[in-house]
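Hello,

Here is the structure I promised to pass on to you. Please open it alongside this message, and then read on for what turned up.

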Amino acid sequence: MRLLISRAVLWGTMRPRCRYFSVAQNNRNDRKGLVLGVYEREKEDDSLHLTETAAGFDRLLSGKLTELLKISGPGLKKGKSRIFYGLHEDFPCIAVVGLGRTSLGVCGTEYWDTCKENIRTAIAGVCRVLQDHSLTHIEVDGCNDSQSAAEGAVLGLFTYDDLKTKKKTRVTTKLHGSGCVSGWEKGVLYGEGQNLARYLMEAPANHVTPSVFADTITNRLGELSETIALYRLYPCSEEPPVFLELHYNGCPDNTQRPLLLVGKGITFDSGGISLKPSSGMDAMRADMGGAATVCSAIVTAAALNLPINIIGLAPLCENMPSGKANKPGDVVTAKNGKTIQVDNTDAVGRLILADALCYAHSFNPRAIVNAATLTGAMDVALGSAATGVFTNSDWLWEQLHKASVVTGDRVWRMPLFQHYTRQVTDCQLADLNNVGKYSRSGGACTAAAFLREFVTAPHWAHLDIAGVMTNKDEVPYLKKGMSGRPTRTLVEFAAGLANQA
């Protein structure tokens with residue numbers, strides 16, 4: 001069954017430096033633009049190297065584009081652009097953007113494909129420039145990698161302005177020329193999938209409650225989702241908790257064991273009785289980033305019609321102080337019978353994941369991957385460079401790492417030593433403590449060790465996405481705000497497993 005993601009993409013802007021040139025500017029009010037790519041010279045004496053699409057367009061102009069690029073200044077560096085007006089009646093506004101060098105590929109130290117990242121960055125930046133010029137339709141050069149170009153366009157134009165009176169200019173994009181149409185369409189779906197996660201994470205907590213979150217996803221997936229009641233380890237709040245269960249099976253024979261994706265869905269985390277500092281607490285509306293990325297990845301997999309069986313689990317709730325909230329020192333019992341001493345009510349994300357992980361085993365999964373904005377310690381350890389991955393499976397790590405190299409949304413393997421397990425099992429009142437005995441030391445690692453106590457599957461990975469939850473300016477093709485990472489890596493990971501079936 002092929003389920004298409006809504007194309008109502010919300011657009012954003014972040015304007016890079018740009019130079020403007022015009023042959024005739026009498027059509028500047030026309031609202032249609034064209035983006036073309038040019039590569040950086042490998043050597044100073046090399047000739048101008050346009051992309052195949054740009055070179056074809058230059059021939060239509062009898063070399064006018066090349067001539068203007070040569071006389072308008074030095075060669076365009078990566079991500080820099082120039083805009084020309086009046087060169088073609090169909091495209092009164094034409095932007096040429098630098099794509100960097102063609103000789104670059106997968107970098108052994110950066111662990112991503114540099115060419116793909118350069119294309120995403122360049123296309124995102126120049127599309128924002130054209131959006132600032134109030135253009136409403138942009139055709140984009142596929143730059144010999146239509147998927148990356150589409151991802152850059154869709155991700156770069158996103159903004160959350162639902163609650164603002166003045167909206168950004170809405171821009172539609174399409175592939176220009178004879179590039180790979182299927183690659184472009186795939187890139188659009190990858191980008192829209194991440195934008196869905198960004199939308200859910202960015203929206204205020206009073207607008208995306210557990211029930212609204214569930215409704216948003218179920219409306220996308222229809223009969224492939226259901227809301228069920230599961231267990232009782234939810235923190236108490238005025239908003240009732242929801243457990244969302246998603247099923248997508250694109251396998252023709254319907255016999256494939258499922259991939260289980262589990263996402264932590266705390267739609268607002270105040271810290272409970274162990275109240276967080278007020279500074280920055282507004283960002284805790286995105287503490288359901290694990291659920292947002294997991295659910296968005298499944299929506300995207302369905303849109304791509306991937307031949308894979310996926311089940312998604314998203315425990316959704318708020319963590320608020322109240323007379324019924326968990327108290328420091330409380331002991332609760334998990335679905336697998338283990339008792340947990342709650343010494344820190346600001347560490348309850350792992351509690352709701354515990355039961356979800358236990359439940360995931362009932363589906364005889366091929367693998368279990370959970371995602372959660374779980375610990376500030378992960379942000380301290382890796383910052384926004386990569387998602388931290390804790391796993392008991394070398395095979396599963398290789399699949400996730402390979403996917404992240406393709407998407408540029410990187411992952412990094414973290415230790416899952418018994419050293420950390422002993423710190424959560426040495427507990428005064430119960431089988432486990434929800435924080436390590438040495439408090440903040442190795443906090444991301446002790447949180448992963450806690451989760452491991454609820455896993456028996458041989459292929460399990462915990463993705464701590466706290467460090468990649470937001471974007472300031474680290475990822476240039478994402479504007480400032482909630483990032484929706486690592487949605488595309490989860491989709492690429494699922495696509496890789498589908499190809500192995």
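Residues are numbered from 1 along each chain as its sequence is written, and side-chain values use heavy atoms, with hydrogens and water left out.

Let me start with confidence. The mean pLDDT (the predictor's confidence in each residue, from 0 to 100) is 89 for the protein, and 90% of its residues reach 70 or more. Over residues 1-30, pLDDT stays under 50. Where pLDDT is low, the predicted coordinates should not be read in detail.

The protein is divided into domain 1 (32-179) and domain 2 (205-499), with bounds that come from an automatic or database domain assignment. Taken over C-alpha atoms, their centres are 36 Å apart. Their contact (heavy atoms within 4.5 Å) takes 17 residues from domain 1 and 14 residues from domain 2.

Next, the largest pocket. A pocket here is an open set of points on a 1 Å grid over the protein atoms alone, where a 1.4 Å probe fits, with protein on both sides within 12 Å along at least five of seven lines; lining residues have an atom within 4 Å of a point. The largest one holds about 1000 Å³ of space. It is lined by 38 residues, and the closest to its centre are Lys-276, Asp-346, Thr-375, Gly-376 and Ala-377. Helices H8 (349-360), H9 (376-382) and H12 (443-452) are the elements that give two or more residues to this lining, and H9 has the largest share, with four residues. Helices (H or I, at least four residues) and strands (E, at least two) are DSSP runs, numbered from the N terminus.

There is also an open sheet of three strands, in the order S15-S16-S20 and with mixed pairing. Strands S15 (330-333) and S20 (432-433) are its edges, each pairing on one side only; two strands pair if DSSP finds at least two bridges between them. S15 and S16 (residues 339-342) run antiparallel, joined by four bridges. Val-332 has Ile-340 in S16 as its bridge partner.

Finally, two loops to look at. The peptide bond from Arg-485 to Pro-486 is cis, with omega near 5 degrees; Pro-486 is in the loop between strand S23 (481-482) and helix H13 (487-500). Ser-62 is not a glycine, yet has a positive phi of about 55 degrees.

Best wishes

Technical notes. This is a predicted model: local features need pLDDT of at least 70, side-chain atom pairs count only at pLDDT 80 or more; totals for chains, interfaces and linings use all residues. Grid points are joined across faces, edges and corners, and a volume is the space filled by probe spheres set on the points.
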